[in-house]
Amino acid sequence: MGPIKGRVRRGGFGLILVCFGRLVAVAGRRRSGGEMDFNMKKLASDAGVFFSRAVQFTEEKLGQAEKTELDAHFENLLARADSTKNWTEKILHQTEVLLQPNPSVRVEEFLYEKLDRKVPSRVTNGELLAQYMMEAANDFGPGTPYGKTLLRVGETQKRLGGAERDFMHSASVNFLNPLRNFLEGDWRTITKERRILQNRRLDLDACKARLKKAKAAEAKASAVPDFQETRPRNYILSASASALWSDEVEKAEHELRLAQTEFDRQAEVTRLLLEGISSTHVNHLRCLHEFVESQTTYYAQGYQYMLDLQKQLGRFPGTFVGNAESTSPPPATTSPTTVAATIPAVPTIPVVPTVGGAPTPATAVEGALNLNDVKPPASGTRKARVLYDYEAADSSELALLADELITVYSLPGMDPDWLVGERGNQKGKVPVTYLELLS
């Protein structure tokens with residue numbers, strides 16, 4: 001217990017030194033010539049107040065003084081306010097990381113904001129990628145299949161970058177700024193008033209302690225002396241001391257009433273500020289809805305841009321499609337004719353765009369193939385869901401409606417961008433980019 005008390009005493013003495021330094025700074029005022037003008041009366045008064053608070057704080061830590069406890073509702077308000085502040089800081093920080101993952105850029109933007117300067121405009125990662133793709137397309141030749149595709153993808157990336165920029169601006173204005181305003185405005189005010197309330201409580205408890213000591217001394221001084229063992233002169237002194245302690249008790253009671261009034265007034269001010277946290281929650285809820293709306297708009301725009309890009313890429317010859325199925329395995333028959341027919345051709349067949357926008361092979365392999373005479377393979381058929389409508393360019397293609405289910409399979413020698421689709425008695429070629437293969 002000894003070392004603990006020693007540490008607390010040293011901490012209390014340090015607090016006294018800090019308080020003394022503060023009151024010297026407050027009491028001193030600089031004249032026009034640069035000299036310090038000390039108000040000694042104010043310095044002495046403030047020194048007494050700070051010293052009294054430091055002593056009360058130290059004795060509370062040592063368990064040697066009573067402490068005025070706040071009511072349960074007030075404590076709940078304090079806990080709720082602290083929780084709101086802590087979670088607001090975490091949400092604010094993580095949202096900043098979401099919008100700007102680069103910590104160096106975040107620090108730079110923070111410095112610009114503190115210096116009250118406009119943050120320079122920066123290109124987004126999508127816009128930078130679009131710039132590189134377009135430059136590469138011009139270098140490779142915008143008329144080549146690769147260059148043309150780079151241009152299309154670059155344009156889409158540029159649109160995605162613009163949508164990202166709009167989302168970041170909307171999220172910053174409608175969500176981040178209100179959170180910052182709370183932490184830098186309302187919360188600082190609450191912290192200041194809570195600090196004042198703490199000082200008022202220390203003053204109140206110090207007054208209670210002085211009144212308690214004064215009453216104890218008064219009771220001791222007013223005890224009836226033993227005239228057989230006490231001289232009359234001592235009796236007179238004892239009566240004088242009793243009167244002095246009575247005056248001290250009255251003074252302590254008056255100071256206690258003033259301290260109680262100041263404490264109650266400050267407690268009410270702090271309580272009103274803490275109850276305003278509910279309004280803060282309502283405001284943050286509205287801002288959160290706006291953040292979700294802007295984020296939904298951003299992702300919806302990105303989805304639409306990529307959907308349009310996928311449709312455009314489906315019209316380019318030789319475009320690779322990730323979910324294109326390879327040719328179905330050969331049947332189990334081993335006749336030379338069947339084996340020769342099932343060997344897939346080398347995928348170097350040139351293709352040309354059709355009027356409908358989907359690639360059509362220019363060889364006579366599929367031109368001479370009558371799809372109505374083709375039987376589906378024994379294995380290799382799959383179900384597919386149509387992603388969006390497709391109009392058949394000629395009688396060899398099958399028109400599609402969004403969200404319908406069809407059966408698809410591949411034939412030897414077919415362009416990998418196409419499959420044979422069946423819907424009931426109807427059969428025809430369908431582009432792979434318009435399908436989602438299910439099984």
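Predicted model: local features only at pLDDT ≥ 70, side-chain atom pairs only at ≥ 80, totals over all residues.
**Rings, charges and a buried glutamate**

Me: Why does F291 count as buried?
Reply: F291 has a relative accessibility of 9%. Residues are numbered from 1 along each chain as its sequence is written, and side-chain values use heavy atoms, with hydrogens and water left out.

Me: And what makes F175 buried?
Reply: Its relative accessible area is 5%, so F175 falls under the buried limit too.

Me: How many aromatic pairs are there, and by what rule?
Reply: Rings of Phe, Tyr and Trp (its six-membered ring) pair if their centres lie within 6.5 Å; planes under 30 degrees apart are stacked, over 60 edge-to-face, the rest tilted. That rule gives eight aromatic pairs.

Me: Why is F175–F291 called stacked?
Reply: The ring centres are 4.8 Å apart and the planes sit at 25°, so this pair is stacked.

Me: What does that pair tie together?
Reply: F175 is in helix α6 (residues 145-221) and F291 in helix α8 (residues 277-314), so it ties together parts 116 residues apart in sequence. Helices here are DSSP runs (H or I, at least four residues), strands likewise (E, at least two), numbered from the N terminus.

Me: What makes Y390 and Y434 edge-to-face?
Reply: They're 5.0 Å centre to centre with 65° between the planes, so they pass the edge-to-face limit. Y390 is in the loop between β5 (382-386) and β6 (405-409), and Y434 in the loop between β8 (426-431) and β9 (435-437), 44 residues apart. Y390 is buried at 4%, and Y434 is buried at 9%.

Me: How do you know that K90 lies over the face of W87?
Reply: A charge sits over a ring if NZ of Lys or CZ of Arg is within 6 Å of the ring centre and within 35 degrees of the ring normal. K90 is 4.6 Å from the ring centre of W87, and the charged end of K429 is 5.6 Å from that of W418.

Me: Why is E127 called buried?
Reply: E127, in helix α5 (residues 125-140), has a relative accessible area of 17%, so E127 is buried.

Terms used: Buried < 20%, exposed > 50% of the residue type's maximum accessible area, 1.4 Å probe, protein only.
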